Amino acid sequence: MTATHAAVLVESGREAPYAESRPLEVRELTLDPPGPGELLVRVGAAGLCHSDLSVINGSRVRPLPMALGHEAAGEVVEAGEGTDFAVGDHVVLAFVPACGSCERCVGGRPALCGPGAQANGAGTLLGGGRRFVAADGSRPHHHLGVSAFSEYTVVSAKSAVKVDADLPHEIAALFGCAVLTGAGAAFYSAKVEPGDTVAVLGLGGVGLAALLAAKAAGAAEVIAVDVVEHKRRLAERLGATASVAGGPDAVPAIRDLTGGGAEKVIDTTGVVAVLEQAYAATRPGGTTVTVGLPAPGVPLTLPALSLVAEERALRGSYLGSCVPARDVPRFIGLYRSGLLPVDGLLSHRLPLTDINAGFDRLHTGEAVRQVVTF
């Protein structure tokens, strides 16, 4: 068994500031060895994401206690039987452990893998097991098959993608969620083309990755929208042609800048009211893409006639509609070529012991993408 320190969510719904309420406790756990088709990974870096925050604040209900974190990179230290990985391989971990054999996986949509979604909802690995063991013998749940806020973790090999060893872990980790989700939303879900006008609402790690990808795809205009001014300024440094303050005036501002609405609008906020704004800011014939995760059960109100009369498209995008085994190497190639400078998303580096303070920065909008480094 392997000893590890992990940030365990013991109770959701505690109020911020999290540095005081401390929903995450750094606990000493042990890990069972990896089973067949599994890997023991030494985590090098793990990103803090709003999907983690939604579990902490209770808007996404998960079984507890749970070793949190789902965006990570690290190094294989033990490989179970039946994998194509070797000790020393560097890997990026993706948060959907696609089985590869269900109807959706075979159809080229591994982000929608049924067994993967079932395992993620249950807080287990793809094979149904839990490998963390607490001092009292209980077994904390896994978060999205990754549990990245831990010095070591066991994952399904279906969650891992090999990457070159010279790529720093803190950069590689971003490709497991922020880049797959944001860049994939621009490349695959919105299908941004040269000359398009694009607006991105929400400028966290995912939104800025979408902005970078839209620029890489040849968009003529990319309008960055957020309520936080320093994020808008960062977006401009990363190539946004204009920025707009989030709020009730955002839609008319986008329409003015684009002559009637953007052709492709990407919402990354997970806020239904913002998604409605994104749709309103899309021109006739355009496409609205949403990648945020609103609270379950919140209804969306849209003018239904516009879908037909204006040939509008509204599309959801999970994991950026990506195939991680294909797209992690592809996007890393774009990063190395300078077309996808995702290192510009990193705003903070922190030790595991400061994890609650990190989520305070995410909650208030101070941070863009933070990584825990080990």
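**Note on helix packing and local features**

1. Helices here are DSSP runs of H or I with at least four residues, strands are runs of E with at least two, and both are numbered from the N terminus. The model is predicted: local features require pLDDT of at least 70, side-chain atom pairs count only at pLDDT 80 or more, and totals for chains, interfaces and linings use all residues. Residues are numbered from 1 along each chain as its sequence is written, and side-chain values use heavy atoms, with hydrogens and water left out.

2. Helix 4 spans residues 114-122, and Gly116, Ala119 and Asn120 in it are buried (under 20% relative accessible area; exposed is over 50%, partly exposed in between; 1.4 Å probe, protein chains only). Down the axis of helix 4, the buried residues fall within an arc of 100°, so they line one face of the helix. The arc is taken over directions from the helix axis to the C-beta atoms.

3. Glutamate 28 lies in strand 2 (residues 24-31). Its relative accessibility is 55%, and glutamate 28 therefore counts as exposed. Leaving aside residues up to four places away in sequence, glutamate 28 touches Ala3, Thr4 and His5 (heavy atoms within 4.5 Å).

4. Helix 6 (residues 178-189) packs against helix 7 (residues 205-216) at an angle of about 40°, the axes being 7 Å apart.

Note on methods:
Axes are lines fitted to C-alpha atoms, for helices over the stretch in contact, and angles run from 0 to 180 degrees between N-to-C directions.
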